[in-house]
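Dear colleague,

I am passing on the structure we spoke about, and my notes follow directly below it. Please read them with the coordinates open beside you.

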Amino acid sequence: MAVVVYVVAHAADTEFSMFWVFGLAFGFVLQRGRFCFASAFRDIFLLGHARTMKGLLLGLAVGAVGFGLVMGRQVPMTSLGIYPPSANVLPLGIHTVLGGLLFGIGMVVAGGCVSGSIYRMGEGYVASWVAFAGVMGGLLVSAYTWNWWWEAHISRTQRFWLPHWIGHSGALVVTLLALAAVYVWVVSIEHRAGMVIPPVQPAHTQPESVADDLRSGARRLFVQGWPVLPAGAVLGALNVLLFTAKEPWGFTGEVSRWSIGAASVVNIAPGPLAGLESLPGCVLVPSDGRFFNHMLFLVAGMFFGSFAAAVGAGEFKIRVPKRPVRYAQSLGGGVIMGYGSGIGMGCTIGAFFSAIPSFALNGWVFGGFLALGAWIGTHIIRRID
Amino acid sequence: MMRTVSALKKLTGDEQALEVVTDHAPALETIPTQAARLGFRTDIEESGASEWRITITRTEVEEGA
């Protein structure tokens, strides 16, 4: 089916097929690495466990090196004060702070961020479908309030790109040092929490033939869960490739297009949204009356990539929440996430995983408040449980 | 995961093991770590399609045996 979609999409627009392939790859890696950005933050505070955060930090480091090379070619003279056209260098202000905070709370309460919800939808988690519906609702609510945010605050804020002050090399060094500092911090949290057990590795037997060896390799790739470090590195590398091809990884803008489009069908869509044409990243996208665009293929590809990976590994299963409160958590958390990503102009991907490698200060601020929000979220779910 | 930790903390001295059945693959990483921190070891076996049985046993039982 993936091939059929590729062929049809390619015939319509080569960009569609390219984004379909990227989406499949992102979804496959997210599922195989069980790579959930929400758990990366949540597990530090809830469990003193930094497994996924270490992979996330490696992905950011890989992204920073790759983005640095691309942006160095896009903007060779940083003293001119111009920005790389498609990098996620976003206006920094209270909306960044509140967006990160709300998104952090919402993702922990919902049990997954937007990318985590998409890949778990592909695994058969019903709660993640509910969370995704909540995200769509939250994005629509943020669209209703967007013009107020734009007039009152965002239009007066600045974008801060590190190479303007310290050049490309300086920005890369500072970014990598900051990521190393975060790594030391999360490892210290792990040690304070007590003994740290390395992940259990399955026993390896000496393959008796070439066929055995190939079967074993295929099993590690398609059946066993990937170690988190290679998964994070591959996600970072895919992000660099996507940025090189067109733009960084991010999709909440596309999801907002679906929300606003659905609202327009029943005549409750917000009016024209101010200032969007001047903003990069995952800003809200008004409904344009079209059904297909390249980002739709990216999001759909992530879902199908995860679905294919889960089926191949024997991990697909329709999982219905046993407790009714889980639906409320998913929906409520999803709405909070959606609103946060609407005003913050992205989620854990666009406003964080693609913004820090863009050497954008907004990525660090969004990430800091994501962490604070996740910490608050862990207190909320402890009370719920 | 949180329910497992809570159940482990509630185990009395006579209760030496806990069995957890889960269909959430990430729990295969988090439960063993948290169990070890509380003095338990874990054995994981696949009990069905995308379902695992995790047997959590007090470490001192193993050592005393």
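Across the interface of chain A and chain B, 10 residue pairs are in polar contact, both residues of each pair being at pLDDT 80 or more; a polar contact here is a pair of N or O atoms within 3.5 Å, where within protein one must be able to donate a hydrogen and the other to accept it, and residues adjacent in sequence count only if both atoms are side-chain atoms. On the side of chain A that touches chain B, the elements giving two or more residues are α3 (37-47) and α15 (361-384), and α3(A) gives the most, with three residues; helices (H or I, at least four residues) and strands (E, at least two) are DSSP runs numbered from the N terminus. By class, this side of chain A has nine nonpolar, four polar and 11 charged residues, where Ala, Val, Leu, Ile, Met, Phe, Trp, Tyr, Cys and Pro count as nonpolar, Asp, Glu, Lys and Arg as charged, and the others, Gly among them, as polar.

Please keep in mind that this is a predicted model, in which local features need pLDDT of at least 70 and side-chain atom pairs count only at pLDDT 80 or more, while totals for chains, interfaces and linings use all residues. Residues are numbered from 1 along each chain as its sequence is written, chains are lettered from A and ligands numbered from 1 in the order in which they are written, and side-chain values use heavy atoms, with hydrogens and water left out.

The contact (heavy atoms within 4.5 Å) takes 24 residues from chain A and 17 residues from chain B. There are four salt bridges between the two chains, a salt bridge being a side-chain nitrogen of Lys or Arg within 4 Å of a carboxyl oxygen of Asp or Glu. In one of them, the side chains of Lys317(A) and Asp23(B) meet at 3.4 Å, N to O, and a network of salt bridges links Lys317(A), Arg319(A), Asp23(B) and Glu51(B).

Glu315(A) lies in the loop between α12 (294-313) and α13 (325-344) of chain A, and forms a salt bridge with Arg34(A), the closest N and O atoms being 2.6 Å apart. That pair links distant parts of the chain, since Arg34(A) is in the loop between α2 and α3 of chain A, 281 residues apart from Glu315(A). Both residues are buried, which means under 20% relative accessible area, with exposed over 50% and partly exposed in between (1.4 Å probe, protein chains only). Glu315(A) also touches residues of chain B, namely Ala25(B), Ser50(B) and Trp52(B).

With best wishes

How values were computed
Lists of a residue's contacts leave out its neighbours within four places in sequence.
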